[in-house]
Amino acid sequence: MGTNLVSEIIGTAVLVLGVAAIFQVATPVTGISIATGVGPFLVAALVWGIGLSLGGPTGYAINPARDLGPRIAHAVLPIAGKGSSDWGYSWIPVVGPVVGGALAGALIAFVL
């Protein structure tokens, strides 16, 4: 569970730092202009890259709602023969992204 938690923290921190770098406005844009609409494509490529590199251990939740919402729906819906919702593991995809996002946000605030 420890390595999965670290994977979620790193994945979310990379996502937040990457999105902040793509859409930063603190310095003049010298490369790709956000007005061209390339920003959303770059964010999608970033999420894809995070999934390719860190998706194995945890399925890269990198967003608490991405795991918690389906887990709650699975627990509530009356589906015949369904398995466990695995609530013992459910805190990792919630706590990891919150910690990773907070660390990345603090780093961004410190650097800028």
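The dialogue below takes the features of this model in turn.

Modeller: This is a predicted model, in which local features need pLDDT of at least 70 and side-chain atom pairs count only at pLDDT 80 or more, while totals for chains, interfaces and linings use all residues. Residues are numbered from 1 along each chain as its sequence is written, and side-chain values use heavy atoms, with hydrogens and water left out.

Colleague: What average pLDDT does the protein chain have?

Modeller: The term pLDDT denotes the predictor's confidence in each residue, from 0 to 100. Where pLDDT is low, the predicted coordinates should not be read in detail. Here the protein chain averages 88, and 89% of the residues score at least 70. Confidence is lowest in helix 2, with a mean of 89, and highest in helix 4, at 95.

Colleague: How many helices and strands does the protein chain have?

Modeller: Helices (H or I, at least four residues) and strands (E, at least two) are DSSP runs, numbered from the N terminus. The protein chain has four helices and zero strands, and its pattern along the sequence is α-α-α-α.

Colleague: How is the length of helix 1 checked, and how far apart are its end C-alpha atoms?

Modeller: The expected span of a helix is 1.5 Å times one less than its number of residues. Helix 1 (residues 2-22) has 21 residues and should therefore span 30 Å; its end C-alpha atoms are 30 Å apart, which agrees.

Colleague: Which residues of helix 1 are buried?

Modeller: A residue is buried under 20% relative accessible area, exposed over 50%, and partly exposed in between (1.4 Å probe, protein chains only). Of the 112 residues of the protein chain, 28% count as buried. In helix 1 the buried residues include Leu5, Ile9, Ala13, Leu15 and Ile22. The buried residues of helix 1 pack against helix 2 (38-58) and helix 4.

Colleague: Which residues does Leu54 touch?

Modeller: A contact means heavy atoms within 4.5 Å. Leu54 is found in helix 2 and is partly exposed, with a relative accessible area of 23%. Leaving aside residues up to four places away in sequence, Leu54 touches Ser7, Ile10, Gly11 and Tyr60. Leu54 and Ser7 are 47 residues apart in sequence, yet 6.6 Å apart in space, C-alpha to C-alpha. Gly56, also found in helix 2, is exposed at 71% relative accessibility. Between Gly56 and Ser7 there are 9.5 Å in space, C-alpha to C-alpha, and 49 residues in sequence. For the protein chain, among contacts between residues at least 6 apart in sequence, 65% join residues at least 24 apart.

Colleague: Where do Asp67 and Arg71 lie, and what do their side chains form?

Modeller: Side chains of opposite charge can pair when their charged atoms come close. A salt bridge is a side-chain nitrogen of Lys or Arg within 4 Å of a carboxyl oxygen of Asp or Glu. The structure holds one salt bridge, in which the side chains of Asp67 and Arg71 meet at 2.9 Å, N to O. Both residues lie in helix 3 (residues 64-76), four residues apart, about one turn of the helix. An α-helix has 3.6 residues a turn, so residues three or four places apart point the same way. Asp67 is buried, with a relative accessible area of 19%, and Arg71 is buried at 12%.

Colleague: Which residues make the nonpolar surface patch?

Modeller: Patches are made of residues with over 30% relative accessible area and no salt bridge; like charges are joined within 9 Å, and nonpolar side chains (Val, Leu, Ile, Met, Phe, Trp, Tyr) within 5 Å. Accessible areas come from the Shrake-Rupley method with a 1.4 Å probe; for residues, only the protein chains shown count as cover. The protein chain exposes about 6,800 Å², of which carbon and sulfur atoms supply 75%. Met1, Trp91, Val95, Val99 and Leu103 make a nonpolar patch of about 440 Å². Val95, in helix 4 (residues 92-111), is partly exposed at 33% relative accessibility.

Colleague: What is the phi of Tyr60, and what is that of Asp86?

Modeller: Tyr60, in the loop between helix 2 and helix 3, has a phi near 40 degrees, a positive value in a residue other than glycine. Asp86, in the loop between helix 3 and helix 4, has a positive phi of about 55 degrees, although Asp86 is not a glycine.
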